[in-house]
Amino acid sequence: MLGVGTLDDALALCPALQGPYEALWGAVQAEVPPRLRILCAHLVAELLGALVPPPSADDPALPRGARAAPVWRDAAALSAAERAVLGFAEHFVLDPHTVTDADLAALGAHFAPPTIVALTELVALLDGATRLRLALGVS
């Protein structure tokens, strides 16, 4: 479609967006633990019907062949904090109007307010990036 293969290549077509986008990703990555980033990335991709990135050898979040959605609620390997994040992420991606006070309270039981903001931005970035990839036909 655009003659590029990846989201990074697409963003390079618009340098005014690329720098701030990369800076925001960097800030979020500094605030959110890798395991939560991986779990959220898998869930968002599955919810939106995108290709789910395969777990790498050093990825402890999901065993090979594991799926984040919809079985994450029953996964014994997930902590209560991870379940809270995935529940919030699922509501956010499917319909942000369905995020409830209970979702935020569940996050608040495990994370400080700055981390909740970073987690919310993580899910928003994953949601946006996945939708952008799908719309532009890039990986």
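1. Which residues in α3 meet which residues in α6? On the α3 side they are L36, R37, C40, A41, V44 and A45. Their counterparts in α6 are L119, L122, V123, L126, D127 and T130.

2. The model is a predicted one, and the remarks here should be read accordingly.

3. As to the geometry of the pair, helix α3 spans residues 34-47 and helix α6 spans residues 113-136. Their axes lie 10 Å apart, and the helices pack at an angle of about 40°. Angles under 35 degrees would count as roughly parallel, and those from 65 to 115 as roughly perpendicular; α3 and α6 are therefore oblique to each other. The crossing in which α3 passes α6 is right-handed.

4. Turning to the secondary structure, the protein chain contains six helices and zero strands. Along the sequence, the pattern is α-α-α-α-α-α.

5. Contacts in the protein chain were also considered by sequence separation. Of those between residues at least 6 apart in sequence, 61% join residues at least 24 apart.

6. On burial and surface, the protein chain has 139 residues, of which 37% are buried. Its accessible surface comes to about 7500 Å². Carbon and sulfur atoms account for 64% of that surface.

Notes
Residues are numbered from 1 along each chain as its sequence is written. This is a predicted model: local features need pLDDT of at least 70, side-chain atom pairs count only at pLDDT 80 or more; totals for chains, interfaces and linings use all residues. Side-chain values use heavy atoms; hydrogens and water are left out. Axes are lines fitted to C-alpha atoms, for helices over the stretch in contact, and angles run from 0 to 180 degrees between N-to-C directions. Helices (H or I, at least four residues) and strands (E, at least two) are DSSP runs, numbered from the N terminus. Angles under 35 degrees count as roughly parallel, over 145 as roughly antiparallel, 65 to 115 as roughly perpendicular and the rest as oblique. A crossing is left-handed if the near helix is turned anticlockwise from the far one by less than a right angle, and right-handed if clockwise. Contact means heavy atoms within 4.5 Å. Buried means under 20% relative accessible area, exposed over 50%, partly exposed in between (1.4 Å probe, protein chains only). Accessible areas come from the Shrake-Rupley method with a 1.4 Å probe; for residues, only the protein chains shown count as cover.
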